[in-house]
Amino acid sequence: MGNKQSTFRDDQLDEYQDCTFFTSKEILRLHGRFRDLAPNVVPLDYTNNPDVTLPSSLIITMPELKENPFRYRILETFSEDGEGNLTFYDFVDLFSVLSETAPLDLKIIYAFRIYDFNRDGFLCLEDVEETVHRLTGEELRVEERRLVARRVMEEADLDGDGKLSLIDFQNMISRAPDFISTFHIRI
Amino acid sequence: MACSVDSTLDICQAEQDSECSMEDENDTSSCMDNDFETVEMDFVGHLIKHNWVDEPAEKITLTRKRWSAATQRVLSSMPSRSVEWTGVAAHSSPRVQSQASSNRDIDKDRVPQRKHLLATLQARSVAECARMLRSLPLSLKKKREVRAQFSCERGRQETSTKDSTRSHFPSWLGKRLSGAQQGVQSLLNSVQLWHEALKQVSGRFGTGVLSYFLFLRTLLLYNFILSMITIPFLVLPQVTRPSHGSSNKISFTGLEILTGTGVLTNSLMFYGYYNYTDGWRPGKTEAYIKGTYNIRLAYILTIGIGLFVTCIMLIYSVFKTLGTSSPMSVSHGNLALKVFSSWDFKISKKVYVQQLSENICTHLKVMLCELHSGIPKRRLMTRLIWLVLHCTAWAICLTCIFCCVLGIYRFSHDRKQFSMNLISEGDTHWLILPLLVCGVNHLIPCVFNMLAWMESYDSFNLRIYIAIIRNLFLKVSMLGVLCYHWLDSIAAGKYGTNNECWETFVGQELYRFLLMDFLFSVLDTIFGNFLWSVFTRKILRRKRKPVFDIALNVLELIYGQTLAWLGILFSPLLPTLQIVKLFLLFYLKRASLMMNYQGPLKPWRATQMTTIFISILCFPSFLGATACITYTMWRLKPSATCGPFRTLSSMFLAGKEWRKSLEISNPGLAWVSWIYMLLGNHIFLFIVAGIFLLVIYIHIQVGDGQRRVTTLLQKQIENEVEDKKFLISKLQTLHEQHE
């Protein structure tokens, strides 16, 4: 399997296998998907680790992400520059964390980062409101959203400071065993 | 419903505003005045339990508006505010907030952190390192650097040790083993059957419906492995040495495929064809000609090993799913969990995304409503009526099941009496019993559905569980009465059957049942589902398509698989038939799903349900089938005129025979016969069973203990929260006193 393709060297594939939850076949498939987004820009040969970044507007067009209400936040969380422009490493990292075999702890950390819209390291009331807004679209009125956000804050905020830290979030999510199966994108 | 929700929300909004004003007045000093012993420790719980209208004053919050700078300094330097990844790498590393220039990782203080990380990694083995590296929340680039540094250091360490040969071997072995494991894993991953199709299904219908198709794929795997064991050792040797069957030519009509009689009777499909005429000399029953294939032993061993392997795989998957599902059940109406974990990231079609949005919105509104007004307490009269209704429904269900079972039992006996007279009329009468049973299996669940609709359960999950229990009970009783009929009546020849080969007859029965079940599923899917969806849309005028009933379909799969396992002794090619059936069923169900259904409206707890279904597959289904097969092999006398065991009084005796012949021919292999004697010893089997049960008991107790510890720790967290609030407010008041 390893000597038929020329995209990656064997040691590169080993690296990917050690650092992500994918096998070498899946890595190659991911590379194919990455390349399909912009065949003129992304080279076929990745043995020299070329520094190619795709803009977020292009990655949004993927069918797995197109309709996801959190797609921009996901891209921003995994991108190096924070703007949503992904290199191939970021791309693989994204789908690795969102894969089936990633452990719950890792998913919780990244989910926390995704839901943190103002990127202050905490989920404050505005973050929760924005989450509810993205989830329900325009179905709920502004006051209703605020009410939901306040109730969420009261339920989950254990130290009573008005915002959720990672520990509060972890404590809450660890009671939902289905989080692993819902926070998962098949690629 | 919508109107009442809106009005309640308005009321709540008014209350909210009044409370806010109260909050400003009662600043943190009020905490001091409250008696902490009387305040409920369960901060989250009391908001849900207590009615918000009655006791708003008990709510204790810390408002940040009046905190002094000193308090805020103390708060911001608390470890809980600065811990980034706890428990992930089994150590916590402090993180400096809000000055990180890079989006992903921290730049400050990285060098001591990196050293700490490397030290931890080096203390572990290769496989554990890889696992730990994967679960670090760093970007891929940083992980590569860590890995490069780490392997560099490790390489340096290994070359520097003097006794390098001794330290090399375990690491070499570790590398080979992990490589082998990777190889097996990649092989399993590469055979990703139906990957694209499953993605499409999950994209449109979500995780719940996906779990049905994954279950189907798992069953396919089990049958495949079973076939791989039986075909090379049982079927192929028989193919190479065809037995001298009946010489009269039987014409082939198409009906034989359905009934399994006629041409198929004396074929590879059924038990009767398998024999060892080559090695058998009349009169010299114990002496085997050397070099002939001992088909008796092969029969017992392949079926035994096949079932054993299936058992191991089932128990492994039961334990795996038990491990992932959380033992703590979520109390209903947990709003925060709903907000953060209800979005299914797999759904990708716009229409279904909108539907999911609407569902979540409705749930949130309903939850808010329940939280504000509480669950209405039922009056005594309503409760009584509810109880009576439930008892009636259960009584109707049990009566239905009992009547069906009795009917099937009587019919099967009557059929035996008629069969002798009706043989000349062709073989189609054999199809009546399977037809009846399949009809019962498909129609009675509709009755149960109607009863459940009449009962109108409050909780969605409770309805699912009750439906599963009722249908399971029905199917188990059906299979029970059929097994009794086959093994007791037919095998013992109680009804004077002139079937010379009862095993082939039972095999044919199971073959017919399997095929009839498949035909019914096909017809039900094509006509039933289509007609029902047209009915709901045109006549009942519902806006949405009907919902795919996951539980019922999974139970049907389990029923079919039980039939296949029961039949493997009498018809070795039955698992292969089951593979073909599952394959066709997948495409059929998927097509029907796309055309007629929508995803489940209420959230489907996929993990919990998968555990339940795998457990049902393991315990009643597989265990029952194995028990029947063991009973057949042990107690029942094989028929005298057909099959490989024709001269013995029990199938297990073939093993004894082989042991004796082994002693004569190869004394060197005496240890094999010793092992066999041990296995046949009752006391040894009891001891093994006892040890097995002990291990299971220990695991259950350990799991139970862990659950208790978790609950205690949760309680401790809540107590610590109260302590913290107390201390902070104390700090604040002290500071204010000094100002």
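What is the relative accessibility of A:Arg33, and how does the residue count on that basis?

Tutor: A:Arg33 has 22% relative accessibility and therefore counts as partly exposed. The term refers to values between buried, under 20% relative accessible area, and exposed, over 50%, computed with a 1.4 Å probe on protein chains only. The model is a predicted one, in which local features need pLDDT of at least 70 and side-chain atom pairs count only at pLDDT 80 or more, whereas totals for chains, interfaces and linings use all residues. Residues are numbered from 1 along each chain as its sequence is written, chains are lettered from A and ligands numbered from 1 in the order in which they are written, and side-chain values use heavy atoms, with hydrogens and water left out.

The side chain of A:Arg33 forms a salt bridge with that of A:Glu64, at 3.1 Å from N to O. A salt bridge here is a side-chain nitrogen of Lys or Arg within 4 Å of a carboxyl oxygen of Asp or Glu. A:Arg33 belongs to helix H2 and A:Glu64 to helix H4 (residues 63-66) of chain A, so the pair ties together parts that are 31 residues apart in sequence. Helices are DSSP runs (H or I) of at least four residues, strands are DSSP runs (E) of at least two, and both are numbered from the N terminus. Over all chains, the structure holds 19 salt bridges.

The loop between helix H2 (24-37) and strand E1 (53-54) of chain A contains A:Asn49. This residue, which is not glycine, has a positive phi near 50 degrees. Most residues other than glycine have a negative phi. A:Asn49 is partly exposed, at 31% relative accessibility.

A second salt bridge in chain A joins the side chains of A:Glu129 and A:Arg146, at 3.2 Å from N to O. It links distant parts of the chain, with A:Glu129 in helix H8 and A:Arg146 in helix H9 (residues 142-156), 17 residues apart. A:Glu129 counts as buried at 16% relative accessibility, whereas A:Arg146 is partly exposed at 40%.

The UniProt record, an unreviewed entry, places the feature "domain: EF-hand" at residues 103-138 and 144-179 of chain A. Such positions are given in the numbering used here, with feature names shortened, and the annotations may be inferred rather than shown by experiment. Residues 103-138 are 67% helix and 0% strand, and the end C-alpha atoms lie 33 Å apart. For residues 144-179, the content is 61% helix and 0% strand, with end C-alpha atoms 25 Å apart. Between helix H7 (104-115) and helix H8 (125-136) of chain A lies a loop that includes A:Arg119. A:Arg119 has a positive phi of about 55 degrees and is partly exposed, at 42% relative accessibility.
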